[in-house]
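Please open the structure in a viewer and keep the selection tool ready.

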Amino acid sequence: MLCNFNLQAKVVLQPLVLFQIIDSYDRRPKDATQIIGTLLGRSYGREGHRNYEITITNCFTVLHKEHPDSARIDLDLGYANDMLELNQLTYPQEKVLGWFSTGKSVSRSALLLHDYYSRECSDGQPLHLLVDATLKGQRLSTRLYCAVEMGVPGGTKGLMFSLLPLEMASDSPEMVALRLMQKQNLQPGPKQVGRILPELVQVVEATRELQLRLDLVLRYINDVLARKRRPDNVVGRALHDTLTSVPLVDADNFKLMFSASVRDMLMAITLSTMIKTELQISEKLFGMPEP
């Protein structure tokens, strides 16, 4: 088996990619059994090194036509190239990382797709993300594969799709949406779509949640000191690492920093509200009939 750098790379998946795949799967044509698309993202570090990391940040669906009898698949390459060019205009730092498809197992057309995306990827090593979008058991199954060349030297060779470890990661804006969906899902009764709270309300809720967690930590520490609970070395090391990672700031400086951040956020909210109001007024004035 030949070595492949992707087998040793850390691959991180953004939740937005999964939402895009699920949305495309729900909007697929009636006669389509699966959807196929291009994975986009960024890579960090040097190839072949232990700190090499690949982050899948975006994707788009590619129109295709399947031929189950001959395991042949026809891709709309013109549409795929146009979508890639448009994405490069918006996100020039993203590059093609591979392709995704929906289903329970690797399809027979995976070899043909691998050959196509090997030419599209700059490193020639495309990733394959397989998503089971049927949501059976209320669970979204995701698996990541990398094609590895195997065979006898000087003889017959082939490709084997090997599983890769996949991590989920999200930025701060995505965490706001994920927490909102989790909160809606945990509510009893019929599920209703809730709106995202304003910025200040989010700050208040985040502060309240932080206060609850601090109270929980203090209660644990006091119980350990009072010998009501047995100490745990793992928890103690985690608390020590957390406390030492926070810079030591006195109360007065912290209040000044927090007040400055709140003022900046209020200024941004005010400016965005003024721009929104101005656009609404402009639209109404533009739509008014001439006297």
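In which helix is leucine 218 found? Leucine 218 is found in helix H5 (residues 199-225); helices are DSSP runs (H or I) of at least four residues and strands (E) of at least two, numbered from the N terminus.

This is a predicted model, in which local features need pLDDT of at least 70 and side-chain atom pairs count only at pLDDT 80 or more, while totals for chains, interfaces and linings use all residues. Residues are numbered from 1 along each chain as its sequence is written, and side-chain values use heavy atoms, with hydrogens and water left out.

Next, select tryptophan 99 and tyrosine 117, which form a stacked aromatic pair, 5.8 Å centre to centre with 15° between the planes. Rings of Phe, Tyr and Trp (its six-membered ring) pair if their centres lie within 6.5 Å; planes under 30 degrees apart count as stacked, over 60 as edge-to-face and the rest as tilted. Tryptophan 99 lies in strand E6 (residues 95-102) and tyrosine 117 in helix H3 (residues 110-120), so the pair ties together parts that are 18 residues apart in sequence. Tryptophan 99 is buried at 0% relative accessibility (buried means under 20% relative accessible area, exposed over 50%, partly exposed in between, with a 1.4 Å probe and protein chains only).

Phenylalanine 161 is in strand E9 (residues 157-164), 62 residues apart from tryptophan 99.
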